[in-house]
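Let's take a friendly walk through this protein and its ligand. Have a look at the sequence and the structure first.

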Amino acid sequence: MPSTTHADAFHFSHPVASYWEATAPPLDLPLLPLAGDVRCDVAIIGGGYAGLSAALELAAHGIAVRVLEAAEPGWGASGRNGGFACVGSHKLSYARMIQKYGQDESRRYYRNMKEAVELVSALCRHHDIDVDACETGDVTLAHLPSRLHDFAADVTFMKQAFGEDMTVLTPEALKEQGLNGAFFGGLKMNHGFGLHPLKYVRGLARAAHRAGAVIHPHSRLLRWQEQDGLHHLHTGQGRLIANRVLIATNGYTPEDVMARMRGRLMPALSNIITTRPLSRSEQEAQGWTSTLLAFDSRKLLHYFRLLPDGRFLFGGRGGTDASAPSAAVYREKLVAEFHALFPHWRDVEISHFWRGFVCLAHDLVPYVGPLDDRASVFAAVAWHGNGVAMATLAGREAARRMVGLEPVEPLSAIVTRRLARFPLAAFRPLYLKGAYLWFNWQDSR
Ligand SMILES: Cc1cc2nc3c(=O)[nH]c(=O)nc-3n(C[C@H](O)[C@H](O)[C@H](O)COP(=O)(O)OP(=O)(O)OC[C@H]3O[C@@H](n4cnc5c(N)ncnc54)[C@H](O)[C@@H]3O)c2cc1C
């Protein structure tokens, strides 16, 4: 069976060697691991966007909140993603979504995703977080001629279903807009922007700390006991006793210590390479000068963008083995795919490669809500590879709901439904492998 969650991926003692890690100022806060017995109202497990956004919200309301983070804040996906703050936190198609949950809840969900992008901007402004924000907009690029024809239908569907305005771009228009690669057309939308994900998550950590949240780095939850209606969370050196707990561990969820989470999530790998900075003439030789967020139209998609310092970031979902040797093989595959789409940059050095876990739910939509009848344990998880914005919004809304505050943005019933378990959960790595084979086949026709 492929080792999707190989131990090599849980190197909590050191950060991943990403371009972001090389370019973000250090966190520089006086944070200490949990030590001894400590009491709080709300404990949050996981110091990524979801956990820190929740901590910020609770602390701002004067609630005694502590965050347990196994490594440093932002060590997980939040500090190592592509920096696409945009909509799309599900894998269920919009047509299926409307069929299953109805037009109103689907519209509300779509609104939630747009509100989430706005929230990221607002938090950065309000807390003075400099994230190297790029221009607004994203574009999906047809990897086959047939996809360009699908785009026309998408424009009509998205307008009618969500009032969304999208524009189809011909190959000539792509060239004019500095979006030239091996593509057959594009579909442009005016939401979303690029950011430095590690600067953003560290900014959230600083804001939460300033608001009064206590963040414990290097405090990995190892054992979870319940006694007299309280939660006892044991780390190596301490015990946090809390009335309520928020699980915000997403793709890194430790099922062995969280019985409630067993079988409910599917971690999957996403991988990124960055090039050295490309000069303006190198960018022009390829015809790619835009800093728009870009994806191709594959199901097993590539995502890419030009960074403010001229480097090109190119990512791809996939790989079913998180071991270090398998990472090296996957790197070569990703580089070959990059060269096929951007042939003018074949000789450009690759400066960084890294990977991390995204996370899927069985029904392919995010989850924000309680995991028990007492509502003393909540989870905010499953962003389907798109959590920069949604995990931020969901963390805040989960926090408010846990302590009985009115929502700022009422969440769609789609994300507050019951979080189902995968049938025959032990076979999840095989499901993933099967899904990749199926997607690859669909992407080739
Ligand atoms: C390579 C890659 C590229 C991506 N690109 C994008 C993108 O461009 N745009 C986008 O929107 N999304 C992207 N994503 C997804 C996005 O990064 C995630 O959805 C989001 O960061 C999840 O945030 P989170 O707070 O829910 O979880 P995470 O940031 O993963 O945080 C979970 C935290 O839990 C901690 N933890 C785990 N176990 C324990 C324990 N036992 N005790 C204490 N702490 C524990 C981990 O250390 C980790 O820091 C990408 C992900 C990856 C991996």
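The notes below go from the whole chain to the ligand and then to one helix.

## The chain as a whole

Please keep in mind that this is a predicted model. The secondary structure of the protein chain comes to 12 helices and 17 strands. Its radius of gyration is 21 Å, close to the 22 Å that the globule rule gives for 445 residues, so the chain is as compact as a globular protein of that length. Along the principal axes, the C-alpha atoms fill a box of roughly 65 × 45 × 45 Å.

If you take the contacts between residues at least 6 apart in sequence, 78% of them join residues at least 24 apart.

## Around the ligand

The ligand is surrounded by 41 residues, and the closest are Gly48, Gly76, Gly82, Gly356 and Gly387. Sorted by class, this shell has 19 nonpolar, 18 polar and four charged residues.

Helix H2 (49-60), strand S11 (265-275) and strand S15 (350-361) each supply at least two residues of the shell. S15 gives the most, with four residues.

## A closer look at helix H5

Helix H5 covers residues 145-162. At 1.5 Å a residue, its 18 residues should span 26 Å, and the end C-alpha atoms are 26 Å apart, which agrees.

Which residues of H5 are buried? They are Arg147, Leu148 and Phe151. What covers these buried residues includes strand S5 (166-169) and strand S6 (186-194). After H5 comes Gly163, which has a positive phi, near 65°.

Definitions and conventions. Residues are numbered from 1 along each chain as its sequence is written. This is a predicted model: local features need pLDDT of at least 70, side-chain atom pairs count only at pLDDT 80 or more; totals for chains, interfaces and linings use all residues. A residue is near a molecule or strand if its C-beta atom, placed from the backbone, lies within 6 Å of it. Ala, Val, Leu, Ile, Met, Phe, Trp, Tyr, Cys and Pro count as nonpolar, Asp, Glu, Lys and Arg as charged, and the others, Gly among them, as polar. The radius of gyration is taken over C-alpha atoms; the globule rule is 2.2 Å times the number of residues to the power 0.38. Two residues are in contact if their C-beta atoms, placed from the backbone, lie within 7 Å. The expected span of a helix is 1.5 Å times one less than its number of residues. A residue is buried if 20 or more other C-beta atoms lie within 10 Å of its own, exposed if 12 or fewer, and partly exposed in between; C-beta atoms are placed from the backbone.
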